[in-house]
Amino acid sequence: MAVRLVYPPRCISCGAMVEEDFGLCGPCWRDTPFIAGLVCDLCGVPLPGEEDGTAIHCDACLATARPWSRGRAVMRYDGNGRRLVLALKHGDRHDVAHPAGRWLARTAAPMGLEGMVIAPVPLHWTRLLARRFNQAALLAHALARQTGLPVIPDLLTRKRRTRSLKGLDHATRHETLDAAIVADPRHARRIAGARILLVDDVMTSGATLSAATQACLQAGAGEVCILALARAGAAP
Ligand SMILES: [Zn+2]
Ligand SMILES: [Zn+2]
């Protein structure tokens, strides 16, 4: 392809030339904390033990009610995982989104993607202006290209700016966020009874994804699953 001759594929982490457009060179692939094996069926955190086909849940998901039904994450949010997320968030790195879309598709597959509608977790418009684009929306579009599933980038919107969550306890975080995310009534028909796949770049406590899930369910969604590029707080 002519484009390849001008822009030979490079590793999205270290910039080394790579043979194919797989996103990462061999060493960077090995250094990226991709999550594999047995995982929590709600948040995707890796768990010790063998996969035997039954859904199991981590301590955090047992302690905190999750309004969504299943969840996965591509990698742990540390080391190279953290670097890639930050590159996407602050660096306008659309080259990261393309391979990330493939990783997201592969990671989400066990949840059963058929008939799903993809929606990103929304940024507040003031943050959207400051940052120029919503990295969750970028990932949602990349996932849609990989899977052929429909994506509704503005399915959810922020009502008002969420104040900084730093220093707030868990319950207050939920309250602050709950009021802040709503489903856009223009999409009411597409949401009703639908299986929604919510996409975000990082899942930390899950408070934002909970608020986004509640908004979908309140708007009549049949089921909500969640998918994050990286899971923070996941033990190595
Ligand atoms: Zn590399
Ligand atoms: Zn979990």
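Predicted model: local features only at pLDDT ≥ 70, side-chain atom pairs only at ≥ 80, totals over all residues.

A: Residues are numbered from 1 along each chain as its sequence is written, chains are lettered from A and ligands numbered from 1 in the order in which they are written, and side-chain values use heavy atoms, with hydrogens and water left out.

Q: Which strand and which helix each supply at least two residues of the lining of the second largest pocket?

A: Helices (H or I, at least four residues) and strands (E, at least two) are DSSP runs, numbered from the N terminus. In this lining, they are strand E1 (70-76) and helix H5 (94-108), and E1 gives the largest share, three residues.

Q: How do the residues of that lining divide into nonpolar, polar and charged?

A: Ala, Val, Leu, Ile, Met, Phe, Trp, Tyr, Cys and Pro count as nonpolar, Asp, Glu, Lys and Arg as charged, and the others, Gly among them, as polar. By that rule the lining of the second largest pocket has eight nonpolar, five polar and six charged residues.

Q: What coordinates the zinc ion (ligand 2)?

A: Donors are N, O and S atoms within 2.8 Å of the metal (3.2 Å for Na, K and Ca), and water is not among the atoms, so sites may look incomplete. For the zinc ion (ligand 2), the SG atoms of Cys40, Cys43, Cys58 and Cys61 coordinate at 2.3 Å, and in sequence these donor residues follow the spacing C-x2-C-x14-C-x2-C. Both Cys40 and Cys58 lie in the loop between helix H2 (26-31) and helix H3 (59-63), so the pair ties together parts that are 18 residues apart in sequence.

Q: Why is the arrangement around the zinc ion (ligand 2) called tetrahedral?

A: Four donors count as tetrahedral if all angles lie between 85 and 135 degrees; four count as square planar and six as octahedral if opposite donors are over 155 degrees apart and all others between 65 and 115, and anything else is irregular. The four donor atoms here subtend angles of 107 to 115 degrees, which makes the arrangement tetrahedral.

Q: Which protein donors does the zinc ion (ligand 1) have?

A: They are the SG atoms of Cys11, Cys14, Cys25 and Cys28, lying 2.3 Å from the ion, and their angles of 103 to 115 degrees make this arrangement tetrahedral. The spacing in sequence is C-x2-C-x10-C-x2-C.

Q: Are Cys14 and Cys28 buried or partly exposed?

A: Buried means under 20% relative accessible area, exposed over 50%, and partly exposed in between (1.4 Å probe, protein chains only). Cys14 counts as partly exposed because its relative accessibility is 49%, whereas Cys28 is buried, with a relative accessible area of 11%.

Q: What span should helix H10 have?

A: The expected span of a helix is 1.5 Å times one less than its number of residues. The twelve residues of H10 (residues 207-218) should therefore span 16 Å, and its end C-alpha atoms are 16 Å apart, which agrees. Among the buried residues of H10 are Leu209 and Ala212.
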